[in-house]
Amino acid sequence: MLAKRIIPCLDVRDGKVVKGVNFEGIKEVGDPVACAEEYNKQGADEIVFYDITASFEGRGVFLDVVRETAKKVFVPLTVGGGIKTVDDIRETLRAGADKVSVNSQAVKNPDLIRAGADIFGSQCICVGIDAKKIADHKWTVYINGGRVDMKLDLIDWVHTIEKLGAGEICLNSIDADGTKAGFDIEMLKAVCDNCSIPVIASGGAGKINDFYEVFEKTGATAALAASLFHFKELTVGEVKDYCRNKGVIVR
Amino acid sequence: MIAIIDYGAGNIFSVKNALDYLGFENKLTSDKDDLIKADALILPGVGAFPEAMKMLGNSGLTDVIKEEGKKKPLLGICLGMQMLFEKGYEFEETDGLGLIGGKVDKIVAPGYIIPHMGWNKLEKLNDCPLMNGLGDNEYVYFVHSFQAYCDDANIAAYCEYPDKVPALVTDGKFVFGAQFHPEKSGNTGLQILKNFGGLIK
């Protein structure tokens, strides 16, 4: 049976790993290729690179990071941030990514999902979603790093992207992100129960049991964390050992 | 030299990256003479069966691969593994390379997500030199919607999803096929590629 995946995420700006808290107060934490190698050693099942560069020059540096990592790390690489067109997807896959993650641009132009899936296959199109609770059992989708409310119902959006051919969803809870209070179980459950593609849980991981809890209580097939792994509060290996001992199938 | 057959399908660079990392001399090529000169061949592939067989035919490499696969180690990866069989049934019936007996058809797994994508465990069925040095708890990375249907004798290892899905197949001589991506399967995948490179005489 398929193993549940533990995925560390690296935010990269101008060729360096950075980490912000609640999308602000960004600080540099290291060399992305070295970080990816370390996560690989720890047993990461996949590695996500997120480009938060704003400039054209930065994009080239970022793709070099992907290229270098692909020479040293032999697990699937997912690359997100700044992908706006089919050509961007192609360029990113050619640099060595196995999947791309599209977020804001997919909301602005949903056809990007369909076109990407048609040309490159659904398996390499992951749709990232930032969502926030607005009422009991109701969430809306935000874009631009959680700054702009699109007044788009989360579950409607999930149905839309699944129809368009998305291969996977990476669901980030704006409410949980940065709190370290655990994944947003209620929101994840609502999404997992309403789609048949894999869902990656993101936002809120603070302690080791949070990972077990998200696999136990929701249909999420993977759990993603950034700062927890960056600042070595936990290693990927510790999380996997813990989940394995609790009966979760992990690699 | 290991020739990585470049006929226009799939992400061949990750296979090259893995061989470079392991220190095996290799070449991305669509040149018939390279395939004849090579010590071993890798047939990668991502996409659909009929289109890939067509592209291989257009490259004029089909017969060379069939011939060389009888003389030197050949490893098909993912769709490249599926193409080793006699027939494929993706969209339409298509002739494969026929190096291993059997056919390729849809994965039947009601209630399960298709494609079968992610890390799944290798269950050993028959001895195979590509599995040297592997333990009993090895996971490899899959992405596919079709699978091989063949004799158990040709299956070195399978995985469960929930039925038996052939993962590593062989003709018992020079031909091997990996339904998973060894180049994306961490240390387990690297060990399998290293074993394959080790078959070079």
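Two strands are treated as paired if DSSP finds at least two bridges between them. Helices (H or I, at least four residues) and strands (E, at least two) are DSSP runs, numbered from the N terminus. Under these terms, strand 4 (residues 74-77) of chain B and strand 14 (residues 175-178) of chain B pair in the parallel sense over four bridges.

This is a predicted model, in which local features need pLDDT of at least 70, side-chain atom pairs count only at pLDDT 80 or more, and totals for chains, interfaces and linings use all residues. Residues are numbered from 1 along each chain as its sequence is written, chains are lettered from A and ligands numbered from 1 in the order in which they are written, and side-chain values use heavy atoms, with hydrogens and water left out.

**Sheet of chain B**

- An open sheet of chain B is formed by eight strands in the order 2-1-3-4-14-13-12-9, with mixed pairing.
- Strand 2 (26-29) and strand 9 (123-124) of chain B are at the edges and have a single partner strand each, so one side of each is left without a neighbour in the sheet.
- Within the pairing of strands 4 and 14 of chain B, L74(B) has V175(B) as its bridge partner.

**Interface of chain B and chain A**

- Contact (heavy atoms within 4.5 Å) joins 25 residues of chain B to 26 residues of chain A.
- The buried area, meaning the accessible area (1.4 Å probe) that two parts lose on being put together, summed over both, is about 2100 Å² between chain B and chain A, and carbon and sulfur atoms give 64% of this.
- M117(B), W119(B) and K184(B) supply 33% of the area that chain B buries against chain A, more than any other three residues.
- One salt bridge (a side-chain nitrogen of Lys or Arg within 4 Å of a carboxyl oxygen of Asp or Glu) is counted between chain B and chain A.
- The side chains of D98(A) and K184(B) meet in a salt bridge at 2.8 Å, N to O.
- On the side of chain B that touches chain A, the elements giving two or more residues are helix 1 (13-22), strand 8 (116-121), strand 10 (139-144) and helix 6 (186-197) of chain B.
- Strand 8 of chain B gives the most to that side, with six residues.

**D45(A)**

- D45(A) sits in the loop between helix 1 (32-42) and strand 4 (47-51) of chain A.
- Its relative accessibility is 1%, so D45(A) counts as buried (under 20% relative accessible area; exposed is over 50%, partly exposed in between, with a 1.4 Å probe and protein chains only).
- The side chain of D45(A) reaches the backbone nitrogen of I6(A) at 2.9 Å and makes a polar contact with the side chain of R251(A) at 2.8 Å.
- Leaving aside neighbours within four places in sequence, the residues in contact with D45(A) include V75(A), K240(A) and, from chain B, W119(B).

- I155(A), in helix 6 (residues 154-164) of chain A, is buried, with a relative accessible area of 15%.
- Leaving aside neighbours within four places in sequence, I155(A) is in contact with A190(A), V191(A) and N194(A).
- In helix 8 (residues 208-217) of chain A, the buried residues include F211(A), Y212(A) and F215(A).
- The cover over the buried residues of helix 8 of chain A includes strand 1 (5-13), helix 7 (185-192) and helix 10 (236-245) of chain A.

Terms used: Polar contact = N/O pair within 3.5 Å; in protein donor to acceptor, adjacent residues only side chain to side chain.
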